Amino acid sequence: MEKIQSRQLPLGMSASEDISEKKWQLNSGDLVILVSDGVVQNWPCGDGEYLLEQKIASLNVSSPVDLANLILRYAIRQCGGKIRDDMTVLVTGIWKNEEREIEDIE
């Protein structure tokens, strides 16, 4: 697991044209998880990022939909069931496209 974050304001919120670019090699089976700041804020422990990283690392889920739902439910529980800010979770999976014969549907 690798955490990637930016200290810049979201696109459209800053007049600065200084956008940094980073590249990663993704492999079959990799998952990319994006969360808004509202997902990790207002946790009683004060360190939602660390706890969320630990939770994700402990999960054995390969479905992006299931993982996104688990992350969102976990974050809401950590906030006592109260949503105080937008909580956006996006998970996408990368899989090698195996060549398969496609049947014609009439």
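# A first look at the chain

Q: Which residues are exposed on the other side of α3?
A: This is a predicted model, and the answer is computed from it. Helix α3 covers residues 64-78, and exposed means over 50% relative accessible area. On the other side of this helix, the exposed residues are V65 and R77.

Q: Which residues of α3 are buried, and what do they line?
A: A residue counts as buried under 20% relative accessible area. In α3 this holds for P64, L67, A68, I71, Y74 and A75. Seen down the axis of α3, these buried residues fall within an arc of 135°, so what they line is one face of the helix.

Q: How far does α3 reach from its first C-alpha to its last?
A: Helix α3 has 15 residues, and at 1.5 Å a residue the expected span is 21 Å. The reach in the model is close to that expectation, at 21 Å.

Q: Is I71 buried or exposed, and what is its relative accessible area?
A: I71 lies in helix α3. Leaving aside its neighbours within four places in sequence, I71 is in contact with I33, V35, V39, L52, I56, V89 and V91. The cut-off for buried is under 20%, so I71 is buried, with a relative accessible area of 2%.

Q: What distance separates I71 and L90, C-alpha to C-alpha?
A: Along the sequence, I71 and L90 are 19 residues apart. In space, C-alpha to C-alpha, the distance is 9.8 Å.

Q: Which residues of α2 are buried, and within what arc do they fall?
A: In α2, the buried residues are G48, L52 and I56. They line one face of the helix, because seen down its axis they fall within an arc of 65°.

Q: Which exposed residues does the face of α2 turned away from its buried side carry?
A: What covers the buried residues of α2 includes β1, α1 and α3. The face turned away from that buried side carries the exposed residues A57 and S58.

Q: Which residues is L52 in contact with, leaving aside its neighbours within four places in sequence?
A: L52 sits in helix α2, residues 48-58. Its relative accessible area is 5%, so L52 is buried. Its C-alpha is 7.3 Å from that of V40, 12 residues away along the chain. The contacts of L52 are V35, V39, V40, W43, I71 and Y74.

Q: Does G80 count as buried or exposed?
A: G80 follows α3 and has a positive phi, near 70°. Its place is the loop between α3 and β2. The C-alpha atoms of G80 and P44, 36 residues apart along the chain, are separated by 8.6 Å. With 62% relative accessibility and a cut-off of over 50%, G80 counts as exposed.

Q: Which residues form a nonpolar patch on the surface?
A: One member, I4, is found in the segment before β1. The patch has about 290 Å² of accessible area together, and its residues are I4, W24 and L26.

Q: What share of the residues of the chain count as buried?
A: The chain has 3 helices and 2 strands. It exposes about 8,900 Å², and carbon and sulfur atoms supply 49% of that area. Of its 106 residues, the share that counts as buried is 18%.

Notes. Residues are numbered from 1 along each chain as its sequence is written. This is a predicted model: local features need pLDDT of at least 70, side-chain atom pairs count only at pLDDT 80 or more; totals for chains, interfaces and linings use all residues. Side-chain values use heavy atoms; hydrogens and water are left out. Helices (H or I, at least four residues) and strands (E, at least two) are DSSP runs, numbered from the N terminus. Buried means under 20% relative accessible area, exposed over 50%, partly exposed in between (1.4 Å probe, protein chains only). Accessible areas come from the Shrake-Rupley method with a 1.4 Å probe; for residues, only the protein chains shown count as cover. Contact means heavy atoms within 4.5 Å. The expected span of a helix is 1.5 Å times one less than its number of residues. The arc is that of the directions from the helix axis to the C-beta atoms. Patches are made of residues with over 30% relative accessible area and no salt bridge: like charges are joined within 9 Å, nonpolar side chains (Val, Leu, Ile, Met, Phe, Trp, Tyr) within 5 Å. A salt bridge is a side-chain nitrogen of Lys or Arg within 4 Å of a carboxyl oxygen of Asp or Glu.
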